[in-house]
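Q: I am new to this protein and would like a guided look at it. Could we go through it together?

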Amino acid sequence: MTGFVVKRLGGAVLVLLVLSALIHALFYLVPGDPARLACGDRCSPEQIAQVREQLGLDESALAQYANFLQGVVAGRDYSTGTSVQHCDAPCLGFSYQSDQQVTQVILERLPATASLALGAMAIWLLVGVGTGLLSALRRGGITERVLTVATLAATGTPVFILGLLLLMVVCAYLAWLPFPSYVPLGEDPEQWAWNMLLPWLTLGLFESAKYARLTRASTLETLTEDHIRTFRAYGVGERAIVGRHALRGAVPPVIALSALDLGTMFGGAVLTESLFGIPGLGKTLIDGVRVIDLPMVVGVVLVIGAAVVLANVVADLLYAAADRRVVLS
């Protein structure tokens with residue numbers, strides 16, 4: 001198990017290095033002048049040259065990437081023309097628009113995205129796994145047909161359409177809740193929870209459809225295995241068979257998929273964050289692209305990529321813990 005963990009972590013570090021190089025090349029070596037973007041359209045050529053020197057853009061591409069890695073690992077000094085400003089590690093640079101440290105902005109926005117992703121994951125696991133298990137145990141009946149139609153409808157409905165429907169039905173038509181307005185958890189936990197309820201339901205119900213299908217398929221496959229038939233032949237109760245054996249065989253793929261989806265949620269919840277006005281990483285990325293704030297875009301994309309890579313590692317480790325055959329393969 002130790003060798004398996006070391007191998008996965010080493011692979012994750014290598015992938016992050018390659019990812020950082022690709023992101024840096026994509027946003028800094030494509031046609032365009034970041035110095036002009038940072039300075040503005042009214043800057044003279046002399047002012048643009050001064051900004052280019054301050055940002056280190058007058059150096060070679062390899063030197064720029066080395067400085068970028070140095071900032072991430074050990075911090076970096078930035079010249080403002082009249083003074084030198086230090087950026088502590090992990091330093092992802094300064095925003096062109098707000099002149100704030102990108103790392104600081106990401107840390108401020110990360111709790112909103114994390115709370116959205118974790119709340120949605122709780123819903124999609126509860127609804128998806130429960131629906132899939134019930135559908136498998138009621139195979140061939142009216143319950144399975146209704147649940148199958150419901151999951152297919154949820155799969156084919158875009159997430160922003162589902163969010164709009166929830167807003168119109170819950171907030172406008174039934175008036176059960178006011179229209180959501182994000183409140184930080186530290187200010188008012190109760191209002192935070194009520195305002196996050198609809199975003200959680202939007203993402204959770206949208207994702208639960210594939211978990212229902214995965215759980216149903218895994219459970220049906222497990223129920224047809226030889227050891228399950230042996231348990232039934234020996235008179236073991238159906239509840240014990242499902243709870244102790246069939247469900248245990250269906251859990252590993254659900255765990256792996258949940259870890260992957262949780263990682264992608266850090267950047268994939270752009271539509272939900274924009275629809276409900278949640279100041280998370282997805283909305284920050286869209287705002288950075290709109291105003292061409294390159295350091296902010298690079299920083300957010302790198303953090304999202306790191307979240308996906310780490311989610312893959314966690315998924316592998318959880319899958320190995322649930323099925324030791326993975327370690328031996």
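A: The conversation below moves from the overall chain to a few selected residues, and the model is a predicted one.

Q: What does the secondary structure of the protein chain come to?
A: The chain contains 14 helices and two strands.

Q: And what box do the C-alpha atoms fill?
A: Along the principal axes, the C-alpha atoms of the chain occupy a box of roughly 85 × 55 × 35 Å.

Q: How many residues are there, and what share counts as buried?
A: The protein chain has 329 residues, and 39% of them count as buried. The accessible surface amounts to about 17700 Å². Carbon and sulfur atoms account for 64% of that surface.

Q: Which share of the contacts joins residues at least 24 apart?
A: Taking contacts between residues at least 6 apart in sequence, 64% join residues at least 24 apart.

Q: New topic: how many salt bridges does the structure hold?
A: There are four salt bridges in the structure.

Q: Which residues form a salt bridge with Lys 210?
A: One partner is Glu 207, with the closest N and O atoms 2.9 Å apart. Another is Asp 261, where the closest N and O atoms are 3.1 Å apart. This second pair links distant parts of the chain, with Lys 210 in helix H8 and Asp 261 in helix H10 (residues 238-268), 51 residues apart.

Q: Where do Lys 210 and Glu 207 lie?
A: Both are in helix H8, three residues apart, which is about one turn of the helix.

Q: Are Glu 207 and Asp 261 buried or exposed?
A: Glu 207 is buried, because its relative accessible area of 10% is under the 20% limit. Asp 261 also counts as buried, at 7% relative accessibility. Lys 210 is partly exposed, with a relative accessible area of 29%.

Q: Which residue forms a salt bridge with Asp 287?
A: Asp 287 pairs with Arg 290, and the closest N and O atoms are 3.0 Å apart. The two are three residues apart in helix H12 (residues 281-290), so about one helical turn separates them. Asp 287 is partly exposed, with a relative accessible area of 23%, whereas Arg 290 is exposed at 58%.

Q: Which residues are joined into one network?
A: Salt bridges with shared partners connect Glu 207, Lys 210 and Asp 261 into one network.

Q: Switching to Arg 76: which strand does it lie in?
A: Arg 76 belongs to strand S1 (residues 76-79).

Q: What is the nearest side chain of opposite charge to Arg 76?
A: That side chain is Glu 59, 5.8 Å away. Arg 76 is buried yet has no salt bridge, because such a bridge requires the atoms to be within 4 Å. Leaving aside neighbours within four places in sequence, the contacts of Arg 76 include Leu 55, Phe 68, His 86 and Cys 87.

Q: Last topic: which residues make the nonpolar surface patch?
A: The patch covers about 1000 Å², and its members include Phe 160, Met 168, Leu 174, Trp 176 and Leu 271. Helix H7 (residues 159-173) provides the largest share of the patch, seven residues.

Q: Where is Leu 174 found?
A: Leu 174 sits in the loop between H7 and helix H8 (189-223). Leu 174 is partly exposed, with a relative accessible area of 33%.

Notes: Residues numbered from 1 in each chain as written. Predicted model: local features only at pLDDT ≥ 70, side-chain atom pairs only at ≥ 80, totals over all residues. Heavy atoms only, no water. Helix = DSSP H or I, 4+ residues; strand = E, 2+ residues; numbered from the N terminus. Buried < 20%, exposed > 50% of the residue type's maximum accessible area, 1.4 Å probe, protein only. Contact = heavy atoms within 4.5 Å. Areas by Shrake-Rupley, 256 points an atom, 1.4 Å probe, with all protein chains shown as cover. Lys, Arg positive; Asp, Glu negative; His and termini not counted. Patch = residues over 30% accessible without salt bridge, like charges linked within 9 Å, V, L, I, M, F, W, Y side chains within 5 Å.
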